[in-house]
Amino acid sequence: MSLPSYHLAVHPGGSTPFRLGAGLSRSRKCFVLNVSASRSLTTCALKTPSYGRRSREKINPRDLFTFSYKFSTDIPMGETPGASIDEYLHNRPRIVGAVFPDQLKRSKLNDEEWSVHLLPIQFLFLSASPVIVMRFVSKSNGKEYPPNVPGHATSLLMMEVTDYRLNGLASNAMPSHLALTVRGMLYPQREGRKSLRGHVEMTVGFNLPPVLALVPESIIRGVGDTVLRQLAEQMKQDFDTGLAEDFKKYRREKLTERRTSP
């Protein structure tokens with residue numbers, strides 16, 4: 001399963017904002033196998049935030065900090081008569097509600113997109129409140145599947161962040177160039193143990209705003225690595241727990257419908 005370093009989103013749940021300081025950069029080596037960090041923007045297209053000032057200046061990719069993370073998940077889901085994973089995956093509002101349970105922090109924009117207010121992100125002495133727009137698209141029977149999805153998968157839910165903004169940052173703390181990519185997918189696995197499999201890739205790239213210009217590069221890299229790793233791990237936990245519990249509820253509802261239907 002669909003990613004971010006102070007704009008790093010997604011954080012689908014939880015109740016405590018991440019607070020990371022410069023001292024955490026000392027533990028960066030613990031995460032080097034899980035998170036890749038470079039100053040070369042390669043996996044996400046450069047775009048200027050829609051809410052910020054639109055810089056007409058070209059920027060050298062070497063001046064951008066980029067952080068990437070990817071993970072996979074495999075959630076056991078036992079199907080019962082009337083409660084299939086395929087039908088469950090096609091219920092996009094239900095999936096969104098399971099992953100982003102706080103109704104006050106999400107709103108439906110159209111049949112495919114939801115706006116989600118995420119928990120505050122703390123990057124050194126800066127704090128921002130990210131808002132993302134996530135798009136959910138359903139596919140089935142192998143039509144228009146990405147190469148890494150088995151063609152025999154009977155259904156597929158694709159997820160992508162299509163827009164984003166940062167609230168709460170002063171003008172001198174806002175990067176002039178900021179790019180975020182979060183893409184994911186969910187599909188049923190019926191060979192052997194039935195489960196819901198997912199893959200998520202997250203990448204964020206930005207240049208330093210004026211207020212961070214004097215912060216050593218090693219600290220930026222260390223804190224960025226740690227923030228993205230924790231966000232991705234929390235995202236995976238929220239997907240695993242939220243979808244597993246909601247599918248159990250879905251099965252109970254379907255069983256009740258079968259018992260009460262004439």
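Helices and strands here are DSSP runs, with at least four residues (H or I) for a helix and at least two (E) for a strand, and both are numbered from the N terminus. On that basis, T80 sits in the loop between β3 and α1. The model discussed here is a predicted one.

Taken as a whole, the protein chain has three helices and 10 strands. Reading from the N terminus, the order is β-β-β-α-α-β-β-β-β-β-β-β-α. Of the 262 residues in the chain, 49% are buried. The chain exposes about 12,800 Å², and carbon and sulfur atoms account for 49% of that area. As for confidence, the mean pLDDT comes out at 76, with 76% of the residues at 70 or more. Residues 1-56 are another matter, as the pLDDT there is below 50, although this stretch still has 205 contacts in the model beyond near neighbours in sequence.

The buried set consists of R92, R94, I95, V96, A98 and V99. As for what covers them, these residues pack against helices α1 and α3 and against strands β4 (106-108), β5 (113-117), β7 (126-140) and β8.

Side chains of opposite charge can pair when their charged atoms come close. R92, however, is buried and has no salt bridge, and the nearest side chain of opposite charge, that of E112, is 4.0 Å away. What R92 does have is a backbone oxygen at hand: that of F136 lies 3.2 Å from a polar atom of the R92 side chain. Leaving aside residues up to four places away in sequence, R92 touches D111, E112, W114, F136, V137, S138 and L157.

D111, one of the residues touched by R92, turns up again in a salt bridge with K108, where the closest N and O atoms are 4.0 Å apart. D111 is exposed at a relative accessible area of 57%, while K108 counts as partly exposed at 49%.

Salt bridges number 17 in the structure. One of them pairs R190 with E79, with 2.9 Å between the closest N and O atoms. This pair ties together distant parts of the chain, 111 residues apart: R190 is in the loop between β9 (178-189) and β10 (195-206), and E79 is in the loop between β3 (65-76) and α1 (85-89). Both partners are partly exposed, R190 with a relative accessible area of 31% and E79 with 21%.

At 19% relative accessibility, D86 counts as buried because the cut-off is under 20%. The D86 side chain makes a polar contact of 3.1 Å with the side chain of R190. Beyond residues up to four places away in sequence, D86 also touches other parts of the chain, its neighbours being E79, T154, S155, P188 and R190.

Further along, K236 and D240 bring their side chains together in a salt bridge, at 2.9 Å from N to O. The two are four residues apart in helix α3 (residues 217-260), so about one helical turn separates them. K236 is partly exposed, with 28% relative accessible area. Elsewhere, salt bridges with shared partners join E79, D86, R190 and K194 into one network.

T80, in the loop between β3 and α1, is partly exposed with a relative accessible area of 35%. The C-alpha atom of T80 is 8.5 Å from that of L255, although the two residues are 175 apart along the chain. S171 is found in the loop between β8 (155-167) and β9, and at 60% relative accessibility this serine counts as exposed. In this case 9.4 Å separates the C-alpha atoms of S171 and V211, which lie 40 residues apart along the chain.

Definitions and conventions: Residues are numbered from 1 along each chain as its sequence is written. This is a predicted model: local features need pLDDT of at least 70, side-chain atom pairs count only at pLDDT 80 or more; totals for chains, interfaces and linings use all residues. Side-chain values use heavy atoms; hydrogens and water are left out. Buried means under 20% relative accessible area, exposed over 50%, partly exposed in between (1.4 Å probe, protein chains only). Lys and Arg count as positive and Asp and Glu as negative; His and the chain ends are not counted. A polar contact is a pair of N or O atoms within 3.5 Å; within protein, one must be able to donate a hydrogen and the other to accept it, and residues adjacent in sequence count only if both atoms are side-chain atoms. Contact means heavy atoms within 4.5 Å. Accessible areas come from the Shrake-Rupley method with a 1.4 Å probe; for residues, only the protein chains shown count as cover. pLDDT is the predictor's confidence in each residue, from 0 to 100.
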